[in-house]
Amino acid sequence: MDEKNKNILASAKKDMEVSEEIGDLRSQLSAMENTMNQLKQVSFSSFSSQGTVNQNEIIQQSQQAANQLQQQIQGFRNQTQQQKQQADQQLRQAIQTAMTALTQANQQIQAHQVLEQMGQLIDQTQGQLFQMSQQSQNMVSQQGQQSQQPSQYGQSMQGQSMQGQSRPSH
């Protein structure tokens, strides 16, 4: 159980690290987009200053390149978003699994404590029963001794009285 909890917590920690890395990637992606927009504006202004020779062709190529880069960035953004959502979901599942494991461990601890208390109660009851048994045996043996003593005393008294009767009278 302990090893399982360690594995769950290690997995959750790894998922958190991945989530943080994805957050950093998103920041870098935003920075890349800003840089691209700046480059796009600079390239258009420099192309327009070159004159009309091949200007349309250069602008068209630069727009195509910018659009391709924009699509790649958008694809990268979508991919990182999906990875972040998956990492978040895995993290939630790992936390839920850890909470379930901790709840089960707590229930097992409580059950163990109850069983231990029941065992102590059984031991105490057995001890009390043993004492009661010993006391009842002692009482029975004492009563047996007391009941034998008067009968022996009575027999000795009866014997003496019989001896007194058997004497011849003068």
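How many residues apart in helix α2 do K84 and D88 lie? The legends below take up this pair and its surroundings in a predicted model.

**Figure 1. K84 and D88 form a salt bridge.**
The two residues lie four residues apart, about one turn of the helix. Both belong to helix α2. The closest N and O atoms of the pair are 2.9 Å apart. The structure holds one salt bridge, and K84 with D88 forms a salt bridge. Is D88 buried or exposed? D88 counts as buried, because its relative accessibility is 19% and the limit for buried is under 20%. K84 has a relative accessible area of 23%, so K84 is partly exposed.

**Figure 2. The whole chain holds two helices.**
Helix α1 covers residues 2-48. Helix α2 covers residues 55-166. The chain has 170 residues, and buried residues make up 14% of them. Now take contacts between residues at least 6 apart in sequence: 80% of them join residues at least 24 apart.

**Figure 3. T80 is a buried residue of helix α2.**
Which residues does T80 touch, leaving out those up to four places away in sequence? They are I22, L25 and R26. The relative accessible area of T80 is 2%, so T80 is buried.

**Figure 4. Q90 and S11 are 79 residues apart along the chain.**
Their C-alpha atoms are separated by 8.9 Å. Q90 sits in helix α2. Is Q90 buried or partly exposed? Its relative accessible area is 42%, so Q90 is partly exposed.

**Figure 5. Four residues form a negative surface patch.**
Its members are E17, E20, E21 and D24. One of them, E21, is in helix α1.

**Figure 6. I95, M99 and L102 form a nonpolar patch on the surface.**
How much accessible area do these residues have together? The value is about 290 Å². L102, one of the three, lies in helix α2.

Conventions. Residues numbered from 1 in each chain as written. Predicted model: local features only at pLDDT ≥ 70, side-chain atom pairs only at ≥ 80, totals over all residues. Heavy atoms only, no water. Buried < 20%, exposed > 50% of the residue type's maximum accessible area, 1.4 Å probe, protein only. Contact = heavy atoms within 4.5 Å. Patch = residues over 30% accessible without salt bridge, like charges linked within 9 Å, V, L, I, M, F, W, Y side chains within 5 Å. Areas by Shrake-Rupley, 256 points an atom, 1.4 Å probe, with all protein chains shown as cover. Salt bridge = Lys/Arg side-chain N within 4 Å of Asp/Glu carboxyl O. Lys, Arg positive; Asp, Glu negative; His and termini not counted. Charge placed at Lys NZ, Arg CZ, Asp CG, Glu CD.
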